[in-house]
Amino acid sequence: HYHDNRILPPHITAEESLKGEWFYKSEYIFNELNINSAISQPDHNETLSIARSIGDEYEVAGYAYTGGGRKITRVEVSTDRGVHWRLAEIERKERPTEH
């Protein structure tokens, strides 16, 4: 989609961006993104009772993405503020595009 991933010069207003084919100029494309990720489960401020859940499993879920057409190849999760890390299973729900 031509309107995705574009950074236009700061002097171009929203109205001006619709004129002059700004979104079709390749020099304003932005494909390289830093890796971005977020946890969606457990919910924000959700409390997990470890004492009542000994031996139980809890699924941690979220997303991660990067730009440039590259896939995320590794996700690690820590439950002790980064002292220990475990590899997460990556579940790819999106299908490859034809281009």
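Buried here means under 20% relative accessible area, exposed means over 50%, and partly exposed covers what falls in between, with a 1.4 Å probe and protein chains only. The model is a predicted one, so to speak of local features a pLDDT of at least 70 is needed and side-chain atom pairs count only at pLDDT 80 or more, while totals for chains, interfaces and linings use all residues. Residues are numbered from 1 along each chain as its sequence is written, and side-chain values use heavy atoms, with hydrogens and water left out.

Confidence comes next. The average pLDDT (the predictor's confidence in each residue, from 0 to 100) is 78 for the chain, and 83% of the residues score at least 70. Helices (H or I, at least four residues) and strands (E, at least two) are taken as DSSP runs and numbered from the N terminus.

As for burial, 11% of the 99 residues of the chain count as buried. The chain exposes about 9400 Å², 50% of it supplied by carbon and sulfur atoms; accessible areas come from the Shrake-Rupley method with a 1.4 Å probe, and for residues only the protein chains shown count as cover. With contact taken as heavy atoms within 4.5 Å, residues 24 or more positions apart make up 28% of the contacts in the chain with a separation of 6 or more.

A nonpolar core is a set of buried Ala, Val, Leu, Ile, Met, Phe, Trp, Tyr and Cys residues joined through side-chain atoms within 4.5 Å. The largest one has five members: L8, I12, W22, F23 and Y28. Leaving aside residues up to four places away in sequence, W22 touches L8, P9, I12, E16, S17 and Y28.

The loop between β1 (36–41) and β2 (61–65) holds P42, and a cis peptide bond with omega of about 15 degrees joins Q41 to P42. N45 sits in the loop between β1 and β2 too, and has a positive phi of about 70 degrees although it is not a glycine. Most residues other than glycine have a negative phi, and most peptide bonds are trans.

Another positive phi turns up at R81, about 60 degrees, and R81 is not a glycine either. R81 lies in the loop between β3 and β4 and is exposed, with a relative accessible area of 87%. W85 is found in the loop between β3 (76–77) and β4. Its side chain reaches the backbone oxygen of G82 at 3.0 Å, a polar contact (a pair of N or O atoms within 3.5 Å; within protein, one must be able to donate a hydrogen and the other to accept it, and residues adjacent in sequence count only if both atoms are side-chain atoms). Not counting residues up to four places away in sequence, W85 touches E76, V77 and S78. From W85 to V75 is 10 residues in sequence and 9.7 Å in space, C-alpha to C-alpha.

E76 also takes part in a salt bridge with R74, the closest N and O atoms being 3.5 Å apart. With a salt bridge defined as a side-chain nitrogen of Lys or Arg within 4 Å of a carboxyl oxygen of Asp or Glu, the count comes to one. E76 is partly exposed at 39% relative accessible area, while R74, at 54%, counts as exposed.
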